[in-house]
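Colleague: I have a model open and would like to learn how to read it. Can you take me through it feature by feature?

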Amino acid sequence: MSNTINCTSCKSDLKPMAVACPDCDTPLLDSSGAPLKQSDSDYSRYGVHRTIQDDVKKRVREECGFGCVICGNMPTHYEHFDPPFKDLKHNHKADGMALLCTSCHERTKGNPPEIDKATVKFYRTNPDAKKKNSAKHPMFFLPRWPLTFKFGDVEFSGKRVNLYVTGQPVLSIYKLPNGTVGVDAICQNKQGSTVVKIKESVLEVRPSGVSDVVKVGTKFTISNGKRKILDLDKSNPHIMKVVGYETYFMGNHIQISAKGIFVNGEFQILAGGSLQVNATDDINIQLG
Ligand SMILES: [Zn+2]
Ligand SMILES: [Zn+2]
């Protein structure tokens, strides 16, 4: 027994929410014989749901260099340009989608739009972030002072916390002059090339040096293969949490995880530990 509806004309299977056949475009008819219109904007005309499969999204991110194809900025969302979502027939296809930032996406609206589908298609094959090997994200962390800083499960409270390795700052969290949270960080690969840089909360990723950049709500993860280079969580407005950090810096291997802070595999600070100083002081931690 099957609930599958078939096209009256070509007998193809129709998806439950389809209002037309994806193979011959024959419309379904209502009781008065008029063609049905799609009433649920979460579905295409042929019944494909808006949810994009994870592997398809990952391919779009990689091929677009993680930033908006037009300007290279993050955060982005997935834009269907060929075909538009409403005309999607069977599945979401990576090569018919591009990453666009909010402001470039705005410019695709309007009649005629400033950025049309052909332009999006052109940039999809020449993504800005790949061309410049740079995807940028001006991050914004709301002011919620006093703020607790967490590196893995190690907790700090103070005005500013700096982690130094061989005398050089690799990770700092502090208050910016405008009252928001500032983050500075540097992540290098084994060969000593910088792959991620954050300066005053403006993050820059080199697409050639990372395998994925994912932002889900208040969580932000940059990875390279199985390694999480940088994993930030701002879901609690009073805690700025570095869930994970793994980088090489001037020949040292630095890791922050729930287990603690490590340099070259050597344990530096105990997980679950805390360090509290006067809220007006800086915390400077020399590692390695
Ligand atoms: Zn058909
Ligand atoms: Zn853009």
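Colleague: What is the mean pLDDT of the protein chain?

Modeller: pLDDT is the predictor's confidence in each residue, from 0 to 100. Here the mean for the protein chain is 89, with 93% of its residues at 70 or more. This is a predicted model, where local features need pLDDT of at least 70 and side-chain atom pairs count only at pLDDT 80 or more, while totals for chains, interfaces and linings use all residues. On labels, residues are numbered from 1 along each chain as its sequence is written, and chains are lettered from A and ligands numbered from 1 in the order in which they are written.

Colleague: Into which domains is the protein chain divided?

Modeller: Domain bounds come from an automatic or database domain assignment. That gives domain 1 (15-51), domain 2 (56-131) and domain 3 (141-287). The centres of domain 1 and domain 3, taken over C-alpha atoms, are 49 Å apart.

Colleague: Now the inside. Which residues of the largest nonpolar core touch the most other members?

Modeller: In soluble globular proteins, nonpolar side chains tend to be buried together. A residue is buried if 20 or more other C-beta atoms lie within 10 Å of its own, exposed if 12 or fewer, and partly exposed in between, with C-beta atoms placed from the backbone. A nonpolar core is then a set of buried Ala, Val, Leu, Ile, Met, Phe, Trp, Tyr and Cys residues joined through C-beta atoms within 7 Å. The largest one has 54 residues, and Val 69, Ala 98, Leu 100, Val 196, Val 205 and Leu 230 touch the most other members. Strand 4 supplies the largest share of this core, five residues. At least three residues come from each of domain 2 and domain 3. There is also a second, separate core of 10 residues, with Leu 14, Ala 20, Tyr 43 and Tyr 46 among them.

Colleague: How do I read a helix against that? Which residues of helix 1 are buried?

Modeller: Look down the axis and check the arc, which is that of the directions from the helix axis to the C-beta atoms. In helix 1 (residues 54-64), the buried residues are Val 60, Arg 61 and Cys 64. They fall within an arc of 100°, so they line one face of the helix. Their cover includes strand 3 (76-80), strand 4, helix 4 (128-132) and strand 13 (212-216).

Colleague: And helix 3: which of its residues are buried?

Modeller: In helix 3 (residues 117-125), they are Val 120, Tyr 123 and Arg 124. Their arc is 110°, so they too line one face of the helix. Turned away from that buried side are the exposed residues Ala 118, Phe 122 and Thr 125.

Colleague: On to strands. Which residues make the covered face of strand 12, and which the uncovered one?

Modeller: In strand 12 (residues 202-205), Leu 203 and Val 205 are on the covered face, Val 202 and Glu 204 on the uncovered one. For partners, two strands pair if DSSP finds at least two bridges between them. Strand 5 (residues 135-138) pairs with strand 12 in the antiparallel sense over four bridges, and Pro 138 stands opposite Val 202. Strand 11 (residues 194-199) and strand 12 also pair in the antiparallel sense over four bridges, and Lys 197 has Glu 204 as its bridge partner. Their hairpin has two residues between the strands, and Glu 200 there takes a positive phi near 50°.

Colleague: Is Phe 66 buried or exposed?

Modeller: Phe 66 counts as buried because it has 29 C-beta neighbours inside 10 Å. Its phi is positive, near 75°.

Conventions: Two residues are in contact if their C-beta atoms, placed from the backbone, lie within 7 Å.
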